[in-house]
Amino acid sequence: MLEFLLGLTLLVSLTCYVLTGGADYGAGVLNLTTRGTRAAQQSALIDRALAPIWEANHVWLILIVTVLFTAFPRAFTLISTRLHIPITLLLIAIVLRGSAFAFRTSDVDYREQRQDGLQRLLRPTFTASSVIAPLMLGIILGAMASGRLALSTDSFMEVFVSPWLAPFPILIGVMTLFMFVYLAAVYLVVEAESVALKRDFRLRAFVAWSLLTVLTLVILVISRTEAPEVYTAMVHNGFGWIVLAIVGMLGLAAGAMIRKDQDRLSRMLAACYVIALMWGWAAVQYPYLVEPLFTFHDAAPSTTLQVLLITLLIGVIVVFPSLYVLYRQFKGRYL
Amino acid sequence: MTDLIAARSQMAMALAFHIVFAAIGMAMPLMMAVAEWHWLKTGCHSYLALAQRWAKGTAVLFAVGAVSGTVLSFELGLLWPTFMEWAGPVIGPLFALEGLAFFTEAVFLGIYLYGWSKLSPWLHLGAGGIVALSGLASAMFVVAANAWMNTPAGFDMDMGHPIRITLWDVMWNPHAFHEIMHMILAAFAATGFLVAGIHAWFLLRDSQSAFHHQALGIALVCGGIPALLQPISGDLLAKAVADHQPAKLAAMEALFETQAGAPFVVAGVPDETTRTIPYSLTIPYGLSLLLHQDPQAVVQGLDTIPDSDWPPVTIVHMAFQLMVAAGLIMSFIALWSGWRWWKGRSFSDNRRLLQALVLTAPLGFIAVEAGWVVTEVGRQPWIIYGIMRTSEAVTPMPNLWLPMSLFGVLYLVLSGVVIWSLGRHVAATAERI
């Protein structure tokens, strides 16, 4: 029971991370799409949306890592050892991204809208690392779901590379990227002030939604051979079909609402679609943390789990109201 | 370069980098809050300008601190998976608490930095106060975890595994209180002196500036008082180390032989093969007096410890001496400033004091880095003192020189950009005030 609750905590934290921090990454990627007469306004909107909240948003990731190494140490050890390379790349992207954004937006020249040498380097750094981080995050999760961590471990390549350098993990990485861009675009539509700017981001949202949805279907098909445990659980199981149906319906509804210019509704449906994708995946992979090696029953002693749960409960009491205050202050208009 | 050395170097770099920003992130919110409080109390506008200027600098430094902290939480697993598998269930909750404290800090810093016009002045100050408090809490939890590595407690052993884990005893292990005090005082002293040095530099060019005078005052109080308390904290901590980690104490003091009436060694470059300390000064009975208040007290030397369990004596001793020297200089300057204040004289028009402040600005952070070298290298060859060796804990992933070099370059570039960015920020201050 305790380990189930902590597994659930992991899923909820990951969901919060995706819906907040994920959108931050997506917004950074959208820097690549700024064009036309409103390019500067599009960039400014992205920066403005990110500035007060991005640091708080990314603490969810630290929470995930902490719960993992406290409650599920053996799974954590396996992941940290075998997936060392994508985790390292993810870290480098996180560092570059956070620093680049902070330097750029707090710099004197930025506030006066001047662009000089280092400034010109900071924005591409921010954008590139915003692309790499979601890719790596998805690759790591995809490797965990694919069952590849149970394959043979004779050579360096087999131990440290093949679990993640394969079609399924890589496509999950790309899917994560599209998912984050989709979320960001949908949020930015609500936050954009002018009708023209809203239209710009609505277009981007729809493109991202299409890419995401098509890729999801592709992944479903290839998972037959590339992630067999997850595929089997999904397809040879009534429950799996229900999950697919829910995800499908929410996905279509979300896409339709973008076209209908129903901005707040389409934002809510986007979040629901993404949550359905993630929770559907978790439900189908249940009870495995790492296919097919560790379930969440491979947990730390129950005293540790109890202490951790109490700690997290204190955290919820302290942090959630604080987060509410933060969002109310800066996103109140858009809630 | 062996994989173990590469892993240790990578971790050391990540920690050495992060600690600077973490320390600033602890102390600056208090200083900003003090400045803002002065403004609310006196209505003097330069205090508001000061709080806002400090806030802008803090924003960048906090962000870099946050991302470098993220790296550390991952590197615990990337580099030391065996350690994490063993210790995760024991000290994990401490990291969870630290994460929650940091979460609160990040939230309220966002409110503070971007909410100047959105919140009432007293609420805004309150937000600043919460940032300061949660920063302290965060430091408390994470340093307690490090203290546990030195004095593991709060569990029983069963076939080499920890059972009956009690979080309270894990957290309040024998070194925890002293390490926590020492680090918090160090963070405030180092940040205070750095900020004081910057404003002293401006005062040397314009001794009439009220803005810089006020800034210097706040920095000297927030940095000077901790600098004076630090030797007391250090003394208490050294006594705890003598009790629980005799090998570390012996290395710090380069005490090769157990003896009554042990001397205190000043400076010197210990030679482990000949067991001598050339280029040093000895104060007879000094160490016995310091540790036990008894000139004939016996202090345990490295001779009671098997060679394979010796920490690297040369590095640990020299780092310790550097830290103490830096700390004593800072204490002296704090006393000097305090004496001037007591006599009713201003800091801003004594050029010698201002010059001294500029020169000693980086000393606090030099002391912080040296101190961390003492405690971390002094704990070797253990990662959990007396229980797990660092060599047993390292990842089996080969070619660790590669990620080490990657991160090394990254931190170097980042340090450069931080200095550049702050330089521009400070220069902009010069233009406006």
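Hi everyone, let's start in chain B, where B:A267 sits in strand β4, residues 264-267. Please keep in mind throughout that this is a predicted model. B:A267 counts as partly exposed, because its relative accessibility is 37%.

B:Q293 is not a glycine, yet its phi is positive at about 55°. You'll find B:Q293 in the loop between α9 (286-292) and β6 (298-299) of chain B. With 55% relative accessibility, B:Q293 counts as exposed.

While we're on the backbone, let me show you some cis peptide bonds. In chain B, the bond from B:Q380 to B:P381 is cis, with omega near 5°. B:P381 belongs to the loop that runs between α12 (363-377) and β7 (382-384) of chain B. Over in chain A, the bond from A:E291 to A:P292 is cis too, with omega near -20°. A:P292 is in the loop between β1 (288-290) and β2 (294-295) of chain A.

Which residues of α13(A) are buried? They are A:G240, A:V243, A:V247, A:G251, A:A254, A:G255, A:M257 and A:I258. These residues lie on the same side of α13(A), because they cover an arc of only 160° around the axis. As a reminder, an α-helix has 3.6 residues a turn, so residues three or four places apart point the same way. As for partners, the buried residues of α13(A) pack against α10 (167-191), α11 (195-226), α12 (228-235) and α14 (263-285) of chain A.

Now for the charged pairs. Over all chains, the count comes to 12 salt bridges. One of them joins the side chains of A:R48 and A:E193, at 2.1 Å from N to O. This pair links distant parts of the chain, 145 residues apart: A:R48 is in helix α2 (residues 39-50) of chain A, and A:E193 is in the loop between α10 and α11 of chain A. A:R48 has a relative accessible area of 46%, so it is partly exposed.

Another salt bridge brings A:E191 and A:K331 together, at 3.2 Å from N to O. A:E191 is in helix α10 of chain A and A:K331 is in helix α15 (residues 302-331) of chain A, so the pair ties together parts 140 residues apart in sequence.

A:R202 is buried at 13%, and A:D263 is buried at 15%. A:R202, A:D261 and A:D263 are linked in a network of salt bridges.

Last stop, the surface: A:M1, A:F4, A:L5, A:L8, A:V12, A:W279 and A:Y286 form a nonpolar patch, with about 640 Å² of accessible area together. The largest share, four residues, comes from helix α1 (residues 2-30) of chain A.

Key. Residues are numbered from 1 along each chain as its sequence is written. Chains are lettered from A and ligands numbered from 1 in the order in which they are written. This is a predicted model: local features need pLDDT of at least 70, side-chain atom pairs count only at pLDDT 80 or more; totals for chains, interfaces and linings use all residues. Side-chain values use heavy atoms; hydrogens and water are left out. Patches are made of residues with over 30% relative accessible area and no salt bridge: like charges are joined within 9 Å, nonpolar side chains (Val, Leu, Ile, Met, Phe, Trp, Tyr) within 5 Å. Accessible areas come from the Shrake-Rupley method with a 1.4 Å probe; for residues, only the protein chains shown count as cover. A salt bridge is a side-chain nitrogen of Lys or Arg within 4 Å of a carboxyl oxygen of Asp or Glu. Helices (H or I, at least four residues) and strands (E, at least two) are DSSP runs, numbered from the N terminus. Buried means under 20% relative accessible area, exposed over 50%, partly exposed in between (1.4 Å probe, protein chains only). The arc is that of the directions from the helix axis to the C-beta atoms. Contact means heavy atoms within 4.5 Å.
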